[in-house]
Amino acid sequence: MPGGNDGPGFLNRISIRRNQVVAMESHDQELEDLDIFQKNTAERFADLLPPPTPAPGSVHSSTPKNNGNSDQTPSSISASESPLSEHNPLSQPAPAPLLSIEWFRKLLDVFLCCEAEYKAVIVMGRDPCQFNKPPLDRLIPDLLDRSIKALDVCNAVTNGVELVRHWQRLAQIAVVALEQRPIGEGQVRRAKKALSTLLTSMAFDDKENGGVGNNNHGKSTERTWSFGRRGGGGSAAGNSNKDRTGGTFRSLSWSMAKSWSAAKQIQAMSANLIAPRGVEANGLAMPVYIMCTVLVFVMWSLVAAFPCQERNGLSTHIPVPKQLGWAHAITGLQEKIAEEWKKKEKKGTAGLLEEIQRMEKLAQSLIEFSDAFQFPLEDEKVDEVAVQVAELADICRKMEEGLAPLQQQVREVFHRIVRSRAEVLDVIDQVGKMSVPVPY
Amino acid sequence: MDTDKEKPIPEDQNNVDDQKKQPQDLQDAANHAPLSTTTETPVSPPPPSETTQVDVGDGEGDVAKGLPESEEVVPTTSEEDQQQQEASPLSPPPDLPKVSQEIDHYITSLLSSLKQDVSSSSSAPETVPICVEQFAVLFEAKIDEYDSVDSPVKWNRLTDEDSESFLDAIHRISKLYSALCEFSSDCQFAYSINRIGTVLQRAMSYLEEEFRFLMEDYKIPDSDYHQNPVPPEKLNDQHLPEGDETPEQNQGSEEKDDDDHLPRPTNQEENVDICRPEIGYSDEGLSNLRKLSKAMIQGGYETECCQVYFITRRNALEETLHKFGSEKHSIDDVVQKMNWESLEREIMAWIKTFKQCANSEFPRERKISDFVFHDYPQVSESIFSTLTKGVIVELVNFSEAVAMTKRAAEKLFKFLDIYETLRDVLPTVDNLFPKESVHLEEIKSEATLTRSRLGEAMVYIFCELENSIKADTGKTPVPGGAVHPLTRYTINYLKYACEYKDTLEQVFREHQKIERADSTAGSDFDYNTSGSTTSGVFENNSSNNNNKNSNDQKIQISPFQSQLLTVMDLLDQNLEIKSKLYKDLSLSSIFMMNNGRYILQKVRGSPEVSSLMGDAWCRKRSSDLRQYHKNYQRETWGKLLHCLMNHEGLNVNGKVVKPVLKERFKSFNAMFDEIHKTQSGWVVSDEQLQSELRVSISNMVIPAYRAFLARYGQTLTPGRQTEKYVKHQPEEIEELVDELFDGNAANPAGRRKL
């Protein structure tokens, strides 16, 4: 497990600095450390910002392309666009689109880096007695509390990723079906069925699944939800053959504890996040505060992107003071994601993950296509569908490649948080022991 | 039309024969290899040439009749009429077996022309024969019938023959479809590919629905498996909804007739069919599931099949776990909100659930998936692994959360229970997983990680125990020199802990270093040396375990032993300090004796503890105790004995000096009374120690007193004077000695003396 022995391995990289810290534990050194930490944090998050010159994130650019699919140009653009970002990863690493799987993998890397550095600044080589004095005696337990809450978010996101993998499989069915030539009615229906289930699951797991906590019926598995078994499933074409889209639908995801709510958890995590002021702003209070902010931001964006239990009312605002240098990038990212979230709430999509959003739109578009389908299909239409199917296939491939490593990374974050918490508690305990008069 | 004229005759025959023969025909067709000639075709008069010539869209009514008749065995006249109205515009041939045979031929020719294509790449396949369309129409009609909106036919209600023939047809159409698809570039085939693909999709859709239905027909086994079959009422209840539907529909009456005419083992058996308690599915259900999954996978619908399977089993598992009382808890709740009492309950439930999963649930899942995906072991393995991993990860997460709770001494034992569960129960599921399963590796490493967290927590708890002993610096001595609560607590705690001796040995061996490496070096040093300083005979093995020491006096000790010794030593040191709180040295000795005795008794009473502490330790303890005893004797009784034994000044020139003697008696009496008054308030709760003390005192004092009396008693004037000075007879002394260490609180002198 990568999370197991993460600490030492990574910390080697910053061992030079650490030794310095041990060597000269002066106030100046402390200030310098803080400065480097802030600078690094700012830089790391700035790397995550989408470049300002091209379209502001592919999420935006992909918005119009599938909605009005009567027009063909947008879809062809999108088709040429997505392979583009894939084809030249060596020549010039195209920035990962905001909120894409790739972007999240970078984000989690950034988190792990910040976390390790934070620990170096605050724990290693420091006088543990600091932990017992204000402001750390208050701030450290506060961070530990937020960390515990982050662990639940990690688990919820792991479940969410698992759910996205189910979606991927459903989309894969549609891809396989619609890649066949000639495109026949049976394949179109098969694809439609899979995509309808996909969309239903997206709607269901976003809304109904969240409701699990509210109806405390004890039976956590009471999540069945029927379309009306043999109903037409809203198949627009007046087929005498009914499409039993979806059939009896059941939630595809593992659930968290009954009353657990991602939105509430994030709210609890971000409560009382107050920037240190005055003298404190120059001391060790700052890195703790930065770490809190980074933690909350990362967890918040994960919840926004991946299907999570009970996300209704997820706050769109994390209190990050814009005036602080290191917070610029985080603030920028936060505003962009919040914007997306507000859009989502209006439209009711399943999650801000770029791949999910595109998948959802493609699914809708392909269902529309299947409703109007008549055999044989004109060549023109065949090409049009092929473009969409190729894009869907591309998304599936990205998910296939990216979700498992992402899930592992989430786990790594989980274990890192646990590990660090234990280490910090150890230090606090030592301080506690020191205050005991018995010599140790 | 001439066909119309001819038809009625064979049709009537058909009606009669079909009831019994038609399914048989289908069965035969299914049993024979695709190319083997159908031996029995008495009721299929039209020769192939005729069939192929039948114009599509002609003679619709007849054909449509033929179809349902072959399935719905008893046609009535009204029935016929109705079906004539509903009939499809296409006209299939009257005989499915015949068409099937032709299809098989066609598939073969397609595939062989494909082979030729590869070699010669010239011979284009002929135009698609009419039998393809006929087959499509025939099969579609069947699907229509089974998968009707109003009265769907449940799979488990089909006769064996019907289901066999349906699966046979699905198998055929799957093969046909994939064969046709080989020619997808040829536009001649486009129509047929579409046609067959559509029928295949409909068939698969029906199968999927039925597969789901059968999957969901699952009974959660009770934790204490009922040997009794499911009560019949329950079964009836279950089938009631379908029963209610049938009368409203046309086919309802037929179905009932079917029951009378055809042997429908399913219906008969359903009431008897025992839902296998250890599986949750009936045998019949399982074999149906296997057939359907096979058909779906062969038809290229593996993903759909697996999705349905996974979701139903996942939900069934969750429901089962819920039934066992296993609740999900967020880490936040476990770590920060739940009190220990309720968490303890949850831990107990967790252990139960974990064992239940490993011993029954997971093996059951494996059985089910192996059975259903019998022909696809990889599918079975992957589905099983994913399912099981989901559950285990959730379970492990809980233990992880527990390991994160605030460490406290009382949690040690539940931590140990969890640790042992993870260590011992998890390996039992190993063989359920495929070899070198990534999932299993992940599960194992997660469990290992959790175990080391628990291990570290436990090591830490012992450090806390050390600290709490050190921190116990109360200035109030225990009245009467009794066993100190700290002694009781510590020793009982250790005794209880040593019931987990082997696990703790492992914990300290595996996790102590991690803990120590994390904390500062200083404490490590202190920790290890303190274990060996006071008990010099022991050598800490932190450096070298393999080094067999030739010196008998030095014993290699394990890290946990070292921990135990450290705690014992700390307790000793603490008791030593506490004993100094008594101003009376004798009481101090009694206190040390009491506590030492208590410790030794407890250690000896527990084979685990005594084996860990070792004989040498016990011997040392015993000798310490004897020393305290001697100290006490000297301190308390030395002066008194001196009084009796020191004859100096009593005899002057062979004559007893009476005033001196009187003084001796007086001081003896006073001393003894004072001792009695004080020490009967002291406490020795260990009966053996109490009597040992009393006996030793009596043995020491009484003979001396007797001798003294014998020698000087008669010097005193008998009567008043003797009564005055010889206050106690030796027997009385013995009685009074027996009153010592009773903890007699009524005597306040004992307390004041402290």
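**Figure 1. A loop of chain A holds Glu310(A), between helix 10 (285–305) and helix 11 (327–347).** Welcome to this predicted model; we start with a single residue. Although Glu310(A) is not a glycine, its phi is positive, at about 55 degrees. Is Glu310(A) buried or exposed? Glu310(A) is buried, because 24 other C-beta atoms lie within 10 Å.

**Figure 2. In chain B, the loop between helix 18 (412–424) and helix 19 (438–471) is where to find Glu436(B).** Here is another residue that is not a glycine and yet has a positive phi, about 55 degrees. Now look at the surroundings of Glu436(B): there are 7 C-beta neighbours inside 10 Å, so Glu436(B) counts as exposed.

**Figure 3. A cis peptide bond runs from Arg181(A) to Pro182(A).** The omega angle of this bond is near -5 degrees. To find the spot, follow chain A into the loop between helix 7 and helix 8 (185–211), where Pro182(A) lies.

**Figure 4. The largest nonpolar core of the model has 276 residues.** Which residues have the most contacts inside this core? They are Ala174(A), Val288(A) and Met299(A). Helix 7 (residues 136–178) of chain A gives the core its largest share, 22 residues. Zoom in on Met299(A) and, leaving aside neighbours within four places in sequence, you will find it in contact with Ala150(A), Val153(A), Ile266(A) and Met269(A).

**Figure 5. Residues 284–306 of chain A carry the UniProt annotation "transmembrane region", taken from an unreviewed entry.** In the model, this stretch is 91% helix and 0% strand.

**Figure 6. Helix 17 (residues 377–404) of chain B reaches 40 Å from its first C-alpha to its last.** With 28 residues, helix 17 of chain B is close to the 40 Å expected at 1.5 Å a residue. Why is helix 17 of chain B described as largely enclosed by the rest of the structure? The reason is that 21 of its 28 residues are buried.

**Figure 7. Ser586(B) sits in helix 24 (residues 585–605) of chain B.** Ser586(B) is buried, because 21 other C-beta atoms lie within 10 Å, and the cut-off for a buried residue is 20 or more. Which residues does Ser586(B) touch, not counting those up to four places away in sequence? The answer is Tyr632(B), Glu635(B) and Thr636(B). Have a look at Asn631(B) too: Ser586(B) and Asn631(B) are 45 residues apart in sequence, while their C-alpha atoms are 7.3 Å apart in space.

**Figure 8. Helix 26 (residues 658–679) of chain B has end C-alpha atoms 31 Å apart.** At 1.5 Å a residue, its 22 residues should span 32 Å, so the two values agree. The buried residues of helix 26 of chain B include Leu661(B), Phe665(B) and Phe668(B), and also Arg664(B) and Gln679(B).

**Figure 9. Chain B includes stretches where pLDDT stays under 50.** One of them covers residues 1–89, for which the model has 114 contacts beyond four places in sequence. Residues 746–754 of chain B also stay under 50, and there the model has 21 such contacts. Over chain B as a whole, the mean pLDDT is 75, and 72% of the residues reach 70 or more.

Technical notes. Residues numbered from 1 in each chain as written. Chains lettered and ligands numbered in written order. Predicted model: local features only at pLDDT ≥ 70, side-chain atom pairs only at ≥ 80, totals over all residues. Core = buried A, V, L, I, M, F, W, Y, C linked by C-beta atoms within 7 Å. Buried ≥ 20, exposed ≤ 12 C-beta atoms within 10 Å, placed from the backbone. Helix = DSSP H or I, 4+ residues; strand = E, 2+ residues; numbered from the N terminus. Contact = placed C-beta atoms within 7 Å. pLDDT = per-residue confidence, 0-100. UniProt positions renumbered as here; feature names shortened; annotations may be inferred. Expected span 1.5 Å × (residues − 1).
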